[in-house]
Amino acid sequence: MEDILLIEPNYSNKYPPLGLMKISTFHKQLGDCVVFAKGKLTDNLVEKRWDRVYVTTLFTFEWEETKKSIEYALTVVKDKNKVFVGGIMATLMPELFIKTFPTITLIKGLLNRDGTVGLRDEKCIDRLTPDYDILDDIDYKYPATDAYFLYMTRGCGMKCQFCAVQTLEPEYIPYISIKDQIAEVDRRFGAKRNLLLMDNNVLRSNKFDSIVDELIELGFGKDCTYPSPRTGKPLKRYIDFNQGLDAKLLTEHKAKRLGELAINPARIAFDHIEDKEQYKKALELCAKNGIKYLSNYILYNGEDFTGKGQHYHADTPEDLYIRMRVSMDFCDELNDKYGHNGRVHIFSFPMKYIPLNATDRSFVGTHWNKKYLRAVQRMLIPTQGKGVSTRSFFEADFGNTTEEFIENLAMPEELLGLRGHFVERANESKEEKKKRYAQWEINHARIFEWTQLYRSLGDDFTSYVEIIKDNDFSIHNYKRITSPTIRKMFIHNLSYLSILRNIEMLGTEMLAYIKVEFPTMYRELLRYVIKSEHTQFSCMKGMLTLQGNAYIADVIRAFIEEPYLTTNVFDALYKAQKDLKKVVLDTRSLDIALRYRMANAISDTELRNIMRLGIEGDEKKIETRLYQKSRKLKDVLREKNKDEIAGDVILDKIEEVIGLLQKVYRKEVK
Ligand code: SF4
């Protein structure tokens, strides 16, 4: 009996690792002890050394996580030659693995041959029933587990250049019966509700009718149910051909047969704009045959390639938008035609193309750039991975036209996230709602301002894209800009902190833009420092250098408008002036005034009056006011602290501070 450790690297994925689950079944049949880990072991088995460790691999861009798992495996295995690495990435890039980890044993391709893991009695591990029990060994929860994960065909044979299937599963097997596997799962782990068929291209099978017949026989015909294990109530069950259905191969007959199944959703790839007509035809065939839940994969960021006997051009951002729009518009047409018996729903899933040999996600297609790719990711956040399905969301998020879409791609990322209508919230007080609405108006003023600038670009559009394309919003990049409009647009990409820190480098021209042309931003910058208890003095130096006491007056005015008593801004202002060796106003006195207010030694009106003295730069008057109120402060503090533990010590300290204040005052009035 051997000790076997199975590891799936610590990346997020939707489906459990079928290969490892089958290897587990195989080893358990040999009487071995099997443990499964996500990333690494975290429990009391950490000291244990293993006879064999299997690491699965998935996407090439998960190389960093994959490396970590193999490094870990090598530290916990007894013999470094007994780390077995297989799966998709290991099959696609074997040289990289061997070069990086020379002692490991690589398993290329499927486990469908004798001797793939070099053990006695090994016969086609790929056909074994996956061991669901190992999923209980880890805390990670796969979104889909109450399902059979099976294949009824293998391979594809369409040889699309960008697709890994021809390397992973070069041979097309048109029919694999799943009856026995389902019976075995039912017997060992209990019946599962749904069926996930991981077939690459089921529609290519010349045994398609037999496949459908078997699925119906197994209880996955249209509207079939399954008794809930908890309540016994019938639950609808679904089949998901989760790798998608090939639109090109969908015929009237096959669509009719698919319509006999509990298929939800029917996933139809729309990878290229050139496939528009066949994609629409496939959707229509599905809708006509009662398949109401449809979804698509929309590959973007792709390159020129050939596949399915034709040439496709590298996709453009416009292509992505148009494909989404086609789905949305065609959904309405289908509903007009076939929706009388329940509406048709189409969920679009834009998917970024990453080449088969990329070891990270940074690939940028010919007609794309980093900024645009990032913007698409940002736009998809609200969908939470559930796809784009409603027209209202699509148009608000992506835009009403291709031009609007490109505009959105070029928009600063922060502003992209601030679009949208003002939405009222339940249980929100009037005051809170007013505040939120005011902020919403500011956000929309920022979006409007940037949009106006964008729309005035004219021939400068190309130069703007050239500046933003690498998503590099550093001051170094800013310095390359010659157009005043692009400079203004650029700073909308900077955080407030970055603007403040770099205002000297941005220059007086930008300061004038912020203060005069778009004062909303200047007000926001003031609010930014006032609303913080941790403003760093260094970020105020630039404004002080450019504006001197006008800036101090602006900060005080902004404070009067929207007081925030726990701010440290006045202390930071003093430190910034001191650091610049030019103290125009000792703003610490304003900081003391805040403390008076917090201790209730002065009223709001008195605080405002003191602040106004600050605007006038009248330090003396401020100190006089504070001194006059020191007796009140002393009384308040005495009263407040009388019941405190060590109250005497506190009271002595209060006396000492007030005394000091009086001394300073007397010295200064003399
Ligand atoms: S049809 Fe699909 S599975 Fe087949 S090679 Fe092309 S992309 Fe890959």
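Helices here are DSSP runs of H or I with at least four residues, strands are DSSP runs of E with at least two, and both are numbered from the N terminus. With that in hand, P265 sits in the loop between helix 8 (252-258) and strand 11 (266-269). The model is predicted, with local features needing pLDDT of at least 70 and side-chain atom pairs counting only at pLDDT 80 or more, while totals for chains, interfaces and linings use all residues. Residue numbers start from 1 along each chain as its sequence is written.

- Most residues other than glycine have a negative phi, and most peptide bonds are trans.
- The bond between N264 and P265 is a cis peptide, with omega at about -5°.
- D223 is not a glycine, yet has a positive phi of about 60°; look for D223 in the loop between helix 7 (208-217) and strand 8 (225-227).

- Two strands count as paired if DSSP finds at least two bridges between them.
- This open sheet has 5 strands in the order 2-1-3-4-5, with parallel pairing.
- Strand 2 (33-38) and strand 5 (105-106) are the edges, each pairing on one side only.
- Strand 3 (residues 52-57) and strand 4 (residues 83-87) run parallel and are joined by 5 bridges.
- Helix 2 (residues 63-76) packs on this sheet and touches strand 1 (3-8), strand 3 and strand 4, with its direction at about 180° to that of strand 3.
- Contact, by the way, means that two residues have C-beta atoms, placed from the backbone, within 7 Å.
- Angles run from 0 to 180 degrees between N-to-C directions, and axes are lines fitted to C-alpha atoms, for helices over the stretch in contact.
- T57 stands opposite G87 in strand 4.

**Helix 9 on helix 10**
- The axes of helix 9 (residues 276-288) and helix 10 (residues 317-338) come within 10 Å and cross at roughly 35°.
- From helix 9, K276, K280, L283, E284, A287 and K288 meet V326, F330, L334 and Y338 of helix 10.
- By class, that contact has 6 nonpolar, no polar and 4 charged residues.
- For the classes, Ala, Val, Leu, Ile, Met, Phe, Trp, Tyr, Cys and Pro are nonpolar, Asp, Glu, Lys and Arg are charged, and the others, Gly among them, are polar.

**Helix 19 on helix 20**
- Helix 19 (residues 496-517) packs against helix 20 (residues 519-530) at an angle of about 150°, with the axes 11 Å apart.
- The contact involves Y496, I499, L500, I514, K515 and V516 of helix 19, plus P519, M521, Y522, E524, L525 and Y528 of helix 20.
- Those contact residues split into 10 nonpolar, no polar and 2 charged.
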